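Here is a short report on how one protein chain is divided and how its parts meet. A helix and its packing partners follow.

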Amino acid sequence: MKHTKVKDLLNSTTTLQEVNAKGWVRTFRNNQFIALNDGSTINNIQCVVDFENTPDETLKRITTGAAISVIGTLIESKGAGQKYEIQVNKLEILGDSDAEKFPIQPKNKPSLDFLRENAHLRVRTNMFGAIMRVRSVLSFAVHNYFQQKGFVYVNTPIITGSDAEGAGEMFKVTALPFDNTPRTEDGKVNYKEDFFEKETNLTVSGQLEGETYAMALGQIYTFGPTFRAENSNTSRHLAEFWMIEPEVAFNDLDDNMDLAEDFIQYVIKYALDNCQDDLKFLEGRLLDEEKSKPQAERSEMALLEKLNFVLENNFKRVSYTEAIDILRDSTPNKKKKFQYIINEWGADLQSEHERYLVEKHFKCPVILFDYPANIKAFYMRLNDNTEPGRETVRAMDILFPGIGEIVGGSEREERYDVLIEKMKALEIDEEELSWYLDTRRFGSATHAGFGLGFERLVLFVTGMTNIRDVIPFPRTPGNAEF
Ligand code: 4AD
Ligand code: MG
């Protein structure tokens, strides 16, 4: 007999004579009621055991975490909270789970820290089951959005020789031995003898390769793993994260902002429409978590309300220069409550500033644009008519409440001469990026794109507060377990 998913059993339109369910025991009460979960839904199916006719030996093995198979009748449930339950006729223990040893015991309310250390088992909790299903649905929504619009999905390389962001925060890839490393005459590592015969690293962004494809296919997107060796041990940074990078030929910065806003609203709506049970559960979790916080630190909106708010309100578009004025005049700046005081135009914005703008000042998602050229990457388009010393580029960052930066993007510098000059000023190797420069040598045109940090999106949608809790096996400084 084939087994049926718990989700389908719970959604059944009639009672059924004989069904088979397989899953893991969440709880077992009164020697009678098994809460069974198989991961297909946040909801458990109650399986009622005829304990008088079940050997004691078997009853003892129905423990939290055990894998079981039950065959029985799907009947209307007399208990509250569920429409159907299974009256068990036959029960088989597929895999025991020693109650003394299984670390995930619901009654102990394991902490998030403890669960992180048990990342291979935490997905057996309601919370992580819900998060990971939402994550999966969101990634489907990402593909759906771009595919419906005719974007081509491009797989850019994971091993590359280029530093797309010019920030130098890269993990090296090498097959050279650490002892007895081949050296050049001047004592440097001789990468000519390495696997790729050159220096390589894990990609920090697929953008540059993505641009070359956009300049042929028109509209492309990437969705893949990205690596950054930045030593930021924060609740928003991972060393390995997934990024979505659309790139569109003939789009300018305004088109880019429109695309990013529409895209984010689409995927959030998709999750709202397709993950109702999980999101309701996560909303309850967040309310619970916030009970232990002082009133002032609690969110003003519950999770679903917050998600709907993002759908129903336009993102506020504000130039960097306007933002600096707002920040300079803000109370935390005047009272020196910011760790980094904003005095001058040109200052880079820290997450405290971004969060002030979004959470306190505008109280909605914000798109900041036209940043000072010298705090942004080399490939961003220089604005026409900027004052000398106050050059700005056509950059945009999207800032979200509770998250900070969720998207970074720009219109690209499509003018060969301007780009070369910028690269020279930043001492970026023209030889190494010669292929990239070909996009500007042959048939160059206005184009724009952005990168969305997938885990930051999942954080926002699930209402979790630490990025380590929205990716199955997080990689952060000092942690590459599993
Ligand atoms: O702003 P970033 O560095 O932009 C780029 O990489 C561009 N090449 C994107 C483009 O224009 N195609 O990164 C983009 C986004 C950030 O806004 C953030 O959401 C996320 O990627 N991100 C991280 N997420 C988790 N952990 C990290 N260490 C992250 N660094 C960036
Ligand atoms: Mg950025």
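The protein chain of this predicted model splits into two domains: domain 1 covers 6-102, and domain 2 covers 126-159 + 212-469. Their centres, taken over C-alpha atoms, lie 44 Å apart.

**Domain interface**

Contact involves 6 residues of domain 1 and 6 residues of domain 2. About 460 Å² is buried between domain 1 and domain 2, and carbon and sulfur atoms give 44% of that area. On the domain 1 side, R26, G39 and I42 lose the most area to domain 2. Together these three account for 79% of what the domain 1 side buries.

Which classes of residue make up the side of domain 1 that touches domain 2? That side has 1 nonpolar, 4 polar and 1 charged residues.

**Helix 5**

Helix 5 spans residues 207-217. Its buried residues are Q207, L208, E209, G210, E211 and A214. What do these buried residues pack against? The partners are tabulated here.

| Element | Residues |
|---|---|
| Strand 7 | 159-160 |
| Strand 10 | 219-227 |
| Strand 11 | 240-249 |
| Helix 13 | 434-441 |
| Strand 16 | 447-453 |

G218 follows helix 5. The phi of G218 is positive, near 85 degrees.

Methods. Residues numbered from 1 in each chain as written. Chains lettered and ligands numbered in written order. Predicted model: local features only at pLDDT ≥ 70, side-chain atom pairs only at ≥ 80, totals over all residues. Heavy atoms only, no water. Domains from an automatic or database assignment. Contact = heavy atoms within 4.5 Å. Buried area = accessible area lost by both parts, 1.4 Å probe. Nonpolar A, V, L, I, M, F, W, Y, C, P; charged D, E, K, R; others polar. Buried < 20%, exposed > 50% of the residue type's maximum accessible area, 1.4 Å probe, protein only. Helix = DSSP H or I, 4+ residues; strand = E, 2+ residues; numbered from the N terminus.
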